[in-house]
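Let's take a walk through this structure together, one stop at a time. Have the sequence and the 3D view at hand.

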Amino acid sequence: MKNRRRILNVALSAVLSISMLGGFDRNVYAAEEPEEKTYVIVMRDAEACEQVSEAVGTDIEEKALELSGGNMIIETLTEDEAEGLAAKADVLVEEDIVISANTALTERKQKKVELYEKIRKEIEEQKEKDPEYEWNIQAVHAEGIAGEQETEQRKVKVAVLDSGVDYVTGINLERQVNLVEEEQYLPEMFQDMTGHGTEIAGIIAGNGETGIYGINPNAQIYSVRVLDSENRAPLSRIVQGIYWCIENDVNIINMSFGTSVYSKVLEQAVADAYAENILMVAAAGNTGGDVEYPAAFEEVVAVAATDTQARISNFSNMGEELDVAAPGEKIRTASFFDGSIVTHGTSIAVPHVTGTASLLWEKDLTRSNEFIRQLIRKSAMDISETKQCGLLDAGHALEMYDGFAENDQEEEKDLEGEFPKNEREPESFAYVDEDETYVEGRWSKDAHSQMAADGNANMGTGFTADQIKRLKNGAVHPDNHWEGPGVHSPWHGAWRYRSDGGYRINVRINYAAVIEAITSIALKGGNTTTFKDYKEFYGIDPITFNDLKATIDKFYNSHQDLTKEQRKFFLYGCGIHAITDLFAHSTTEADGDPLVGDKDDPKYHKRRYDTAVRAAAWSVRSLSEGVSTDGLEIILALEDVFVPEAKFRVVNLKKNLNDNGYNDAILNLANVSK
C-alpha cells in the first residue's frame, strides 16, 4: 500500500464560499472582483516576519501571536496574495476555515476511510501473490508466454469489430471509432453498452492489472464499434468496419459475430481484406448448426468452442470450414468499471485465437496472414470426438514457429512440409463446473472473489448482469439527457455552472459534494424526501443541492415502473458519470491552461483518463459496500495513477475535497487553483 498520510478533516462549515480566480471552460465570463478571505499566516523566523510585514503592510509585532512554531497573524487576502506569500521561504499560509462539530458526518467519513484502508491492504496482499491465470488461458498453454518474447517486439494492430471497448485498466486500447451513427452521444470512456467488445479485448490483451490475463498484453487494440446497444448491426455497417480496418492498416480483425445468411457484399469485403494481408478470425456460431458467415468464408479463420473438459460445446456450430477450437464456456474476462464477468459462446472462443495470432505475428510482421493461420492449425491439439479441428495450443505454436518458418511456402494456400504432430493431451478443468464463482452472467469487482449472490447481491461481492447494465445505462445517461448549459453542469464534473444567459454564473460547484449527494440519494432508490437539508453533505451549496434534487425527482416520478433496486443502480451510474467527467471538465494542463479541442482526446495526457477509469472502479466498489461515493474515491484514483510529473491538474481539487471532509498529500500535487 502506498504509505500516504491521510488526515480526515472535521466537517467544514457550509458557510464557506467556493472561490475561483480566472476562467477555465470555453465560455467567456465578465470580469469579477477578486474575492478576499481570511488566512492564517505563520512565520518561522525574523526574516519571514519582515517579508510578510512588507507584503501585507502590517506591523507584525503589534498583531502577531507568539507560538512554539513561530509567529502567527490573521489577515484578509485575495487568493493571489495568499499564493504569493506561501511561495516565500519559512512562511505557511492557509485559509482560516471554520470548524463545525458535526459528529455524525465526521464519523461517517472516518468509517469510510477505515474501510478503504482495509480494502487497500487486501488488494496489496493480492498483488504480491503469483499471477493467477484463468483455466482457459492454461488450457491453451498461454500463461506467461507473452513475457517470454523478445524485448523489442513489433506491435500488432488488432481490430475488435464489435460493440466497442470501454476504457478499463489493463487493456492497451490504442484507438476507438464508433460507426453507429445513432449512438454518437456515447462518451469515449463508455463506448461499449453491452460489454461484449470489452470482454473480447480482455481475452486478447488483458495485462493482469485487474486480475484478468489475456493471451497477448502487447497487442494494440483498435475498437471498431459496429454493433449497437442491442449487439446488432446491419450488413452495411459490418462491411464499413472491414474497410475501415483496411484503410487503417490493421493486421488482425476479430469478428465475434455471425449470420446464417450468405452475402456477396460481405464476401467481397472479406476477400479485399485478405488480399491486404489481414488475418480475419470469426465465430462459428452458437446454434449447433452449420458454420455461419463470415467464418464460413474461405479467407477467414473459423473458430469453434470447447468446454472445461476439452470437448466441443454442444451449442457450437460445426463443419469442414473450421480451422481451430478454443475455450468458450465459463470464461472469466474483463468487464465494465474494471470488473470481470463470466460468459460463454463461440464469440468468446475467437479472441483466444486472435491473441495467439498477434503473439506469433509480432515475431515477424513480414510473414503472411496464411503463414499465421496454418501455424495455428498445425500446432493444435487433437480433440478426441472430432477430426474437423483441433484445440488451440498457443505455447506449442510458439515452439514450432522457427521450424515452420523454414518451410514457409507462401505461394501455396496450405503450407507444405512435414511438421511434428502435437502429442499433448488436452487438459480437463472439470473442477470449474463445480465452482460457484463461475456463475455465468455474474459480474465481480475482484476477479478472484466470491461472485455468487448472497441474498443481497448489491451488498455482496458481485452484481448480476442486469444490475451492471442498469449502472452502465446510468453512466451514459447525463450526456444524452442532462447536458443543457448551466442547469445541469453539476452532472458533468464541472467546477462551476456554465453560462446560460447569466444563469447562476457566480455559483461555484463542489464536485465531490455533488457526487456524494447523487450517490447517497441513489442508495435510497432515488427518493429525495429523506434529504431535506443540504448540510447533510460537506461542501455543497443549497442552490446546487436543490438543482440535483429537482432533476432526480423528475426522473423518479417518470420511472415508477422501475423497482427501487433498478433506480438505485441507474442513478448511482449517473454519479459515476459525474466523477469521470471531473477529469474532463475540471481538468487543465499542469500550468492551469484549459484542455480544449484535440487536447480533450483520451490519448492526450493519458494518465488523466486512467485516473477517471480508476475513479469509476472505486465508485463501483463503494456501491458494492453499500456506501456513497465522495471525495475519497477521487483520492484513491489519484493514488493509483497520479505522479508528480503528470501533465494535468484538477481545478480546486484541494479546496473541494477539504470542504468535503478529506485531506491527503496527493491533493497538493494534483491541484490547480486557476
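Start with helix H14, which is mostly covered: 12 of its 13 residues are buried. Keep in mind as you look around that this is a predicted model.

Now look at the two ends of H14. At its start, asparagine 510 has a side-chain oxygen that comes within 3.1 Å of the backbone nitrogen of alanine 512. Beyond the helix comes glycine 525, and its phi is positive, near 75°.

In soluble globular proteins, nonpolar side chains tend to be buried together. Here, the largest nonpolar core has 137 residues, and Phe337 and Ile634 are the ones with the most contacts inside it. Which helix gives the most to this core? That would be H16 (residues 564-585), with 10 residues. Apart from this core lies another, of 42 residues, with Val224, Cys245, Leu266 and Met381 among them.

What about the cysteines? Cysteine 245, one of the residues in that core of 42, counts as buried because its relative accessibility is 0%, under the 20% cut-off. Cysteine 49 is at 10%, so it counts as buried too. As for disulfides, a search of the whole structure finds 0.

Our last stop is histidine 196, which sits in helix H6 (residues 196-205). Is histidine 196 buried or exposed? It is buried, because its relative accessible area is 13% and the cut-off is 20%. Its side chain is joined to that of aspartate 162 by a polar contact of 2.6 Å. Leaving out neighbours within four places in sequence, histidine 196 is in contact with Asp162 and also with Ser163, Asn231, Ser256 and Ser347.

Notes: Residues are numbered from 1 along each chain as its sequence is written. This is a predicted model: local features need pLDDT of at least 70, side-chain atom pairs count only at pLDDT 80 or more; totals for chains, interfaces and linings use all residues. Side-chain values use heavy atoms; hydrogens and water are left out. Helices (H or I, at least four residues) and strands (E, at least two) are DSSP runs, numbered from the N terminus. Buried means under 20% relative accessible area, exposed over 50%, partly exposed in between (1.4 Å probe, protein chains only). A polar contact is a pair of N or O atoms within 3.5 Å; within protein, one must be able to donate a hydrogen and the other to accept it, and residues adjacent in sequence count only if both atoms are side-chain atoms. Contact means heavy atoms within 4.5 Å. A nonpolar core is a set of buried Ala, Val, Leu, Ile, Met, Phe, Trp, Tyr and Cys residues joined through side-chain atoms within 4.5 Å. A disulfide is a pair of cysteine sulfur atoms within 2.5 Å.
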